[in-house]
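This briefing goes with the sequence and model shown below. Please keep both open while reading.

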Amino acid sequence: MNQIAVFSGSAHPQFADAICDNLGITRSPADTQRFSNDCLQAQLLDNCRQRDVYIVQPLVPPTQDHLMELLLMVDAARGASAASVTAVIPHYAYARSDKKDASRISIGGKLVADLLMTAGVSRVMTMTLHAPQVHGFFGVPLDHLTALGEIADYYRGTDLSDAVIVSPDFGNAKTASQLARLLGIPVAAGSKQRKADDRVVIDAIVGDVAGKRAIVLDDEIATGGSIVELVAMLEQQQVSDVSVACTHGLFTGSAVERLRDHPLIREVVATDTVPRPDDWPELRVRSVAPLFAEAIARVHAGESVSSLFDGVDPTHAPPQPKLPL
């Protein structure tokens, strides 16, 4: 690991430190300055020459500042003769902007991928993209990790009698089905229509949830609107209690109050891809830093990353043997 240098932007240095602890190295220092004209300047304060540089920066609010800081740090590493530059983006915020679903609308997921490649990234490492096609936006190798195994491990230690996995929408139903298979319990999904960024309507539940204990699984929770709307529908189906799980717990706006104080929501489980809210000590946080550290170690050693997820999710795991025709 002496040829690895791990830097962190200002978005989530605690996560970078946890990665370094698992790698057995010390995080390399960096400095970001904001000038009086609001321009940012990033400086890497450790040797990068002919080293594999990893820059850890989830795209969390203020997202644009953190994105620009990441681009500047990548540019600095490339200019310092790094052998390779990997952008470790645990939460890739612009993955939600993945298609043209209205006239004259931007596709931010592709634009940000182009910006990263122009800045000089050799590789990108991320987790649980909102839409799998975003993987194809990148013209450099992308390691797409999943937290499904970590979430499954948490629920294996709980009472799963009469439990059912519930996806807030059909788009996430495939992932919810995979978690249901890992836990050996049934799956259901909500029929969701998004009216605005913070307003959704769920008009039906597909699957048997009546009288059961629901585990609601989503990739990302921002305002919590989808979750609250889904829980209202589950309450009509006489669901006894609800556990909510997600990979990226952003909890923007009044999300903490909406979820923490809801009488039917027993617990909320998230990973540490983004900083946890200061005012929610009851939030159950599972660390995926060891998973990122192992992926970095395997990339550095030229070993398989997909084998980390063998038996967890075939989308991320190595190809399985095909049945004979």
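The model is predicted: local features need pLDDT of at least 70, side-chain atom pairs count only at pLDDT 80 or more, and totals for chains, interfaces and linings use all residues. Residues are numbered from 1 along each chain as its sequence is written, and side-chain values use heavy atoms, with hydrogens and water left out.

Helices (H or I, at least four residues) and strands (E, at least two) are DSSP runs, numbered from the N terminus. Five strands form an open parallel sheet in the order β1-β4-β5-β6-β7, and helix α8 packs on that sheet.

**The sheet**

- The edge strands are β1 (4-8) and β7 (142-145), each of which pairs on one side only.
- From one strand to the next, the twist averages 15°.
- Two strands pair if DSSP finds at least two bridges between them.
- β1 and β4 are parallel and joined by five bridges, with I4 opposite D52 in β4.
- Strand β4 (residues 52-56) also pairs in the parallel sense with strand β5 (residues 84-89), again over five bridges; here Y54 stands opposite T86.
- β6 and β7 run parallel and share four bridges, and T126 stands opposite H144 in β7.

**Burial in the strands**

- Buried means under 20% relative accessible area, exposed means over 50%, and partly exposed lies in between (1.4 Å probe, protein chains only).
- In a regular strand the side chains alternate between the two faces of the sheet.
- In β4, D52, Y54 and V56 point one way and V53 and I55 the other way, and all are buried.
- β4 is thus mostly covered, with five of its five residues buried.
- β7 is covered on both faces: L142 and H144 are buried on one side, D143 and L145 on the other.

- Contact means heavy atoms within 4.5 Å.
- On the sheet, α8 touches β1, β4, β5, β6 (123-127) and β7, and its direction makes about 155° with that of β6.
- Axes are lines fitted to C-alpha atoms, for helices over the stretch in contact, and angles run from 0 to 180 degrees between N-to-C directions.
- Helix α1 (residues 13-23) packs against helix α8 (residues 289-301) at an angle of about 55°, with the axes 8 Å apart.
- Angles under 35 degrees count as roughly parallel, over 145 as roughly antiparallel, 65 to 115 as roughly perpendicular and the rest as oblique; α1 and α8 are therefore oblique to each other.
- The α1 and α8 crossing is right-handed, a term used when the near helix is turned clockwise from the far one by less than a right angle; anticlockwise is left-handed.
- From α1, F15, A18, I19, N22 and L23 meet A289, P290, F292, A293, I296 and A297 of α8.
- Of the residues in this contact of α1 with α8, ten are nonpolar, one is polar and none is charged. Ala, Val, Leu, Ile, Met, Phe, Trp, Tyr, Cys and Pro count as nonpolar, Asp, Glu, Lys and Arg as charged, and the others, Gly among them, as polar.

**Helices α4 and α5**

- Helix α4 (residues 148-156) and helix α5 (residues 173-183) have axes 10 Å apart and pack at about 45°.
- α4 and α5 are therefore oblique to each other, and their crossing is right-handed.
- L148, I151, A152, Y155 and R156 of α4 make the contact with T175, Q178, L179, L182 and L183 of α5.
- The contact of α4 with α5 has seven nonpolar, two polar and one charged residues.
- L148, G149, I151, A152, Y154 and Y155 are the buried residues of α4; what covers them includes α5, β11 (213-221), β12 (241-249), β13 (265-271) and β14 (284-286).

**L217**

- L217 lies in strand β11 and counts as buried, at 4% relative accessibility.
- Beyond its neighbours within four places in sequence, L217 contacts residues including L148, I151, T175 and L179.
- I165 is 52 residues from L217 in sequence, but their C-alpha atoms are 6.9 Å apart.

**Backbone exceptions**

- Most residues other than glycine have a negative phi, and most peptide bonds are trans.
- P61 and P62 are joined by a cis peptide bond with omega about -5°; P62 lies in the loop between β4 and α2 (63-79).
- Q50, not a glycine, has a positive phi of about 60°. Q50 is in the loop between β3 (40-44) and β4 and counts as exposed at 55% relative accessibility.
- S81, also not a glycine, has a positive phi of about 65°. S81 lies in the loop between α2 and β5 and is partly exposed at 25% relative accessibility.
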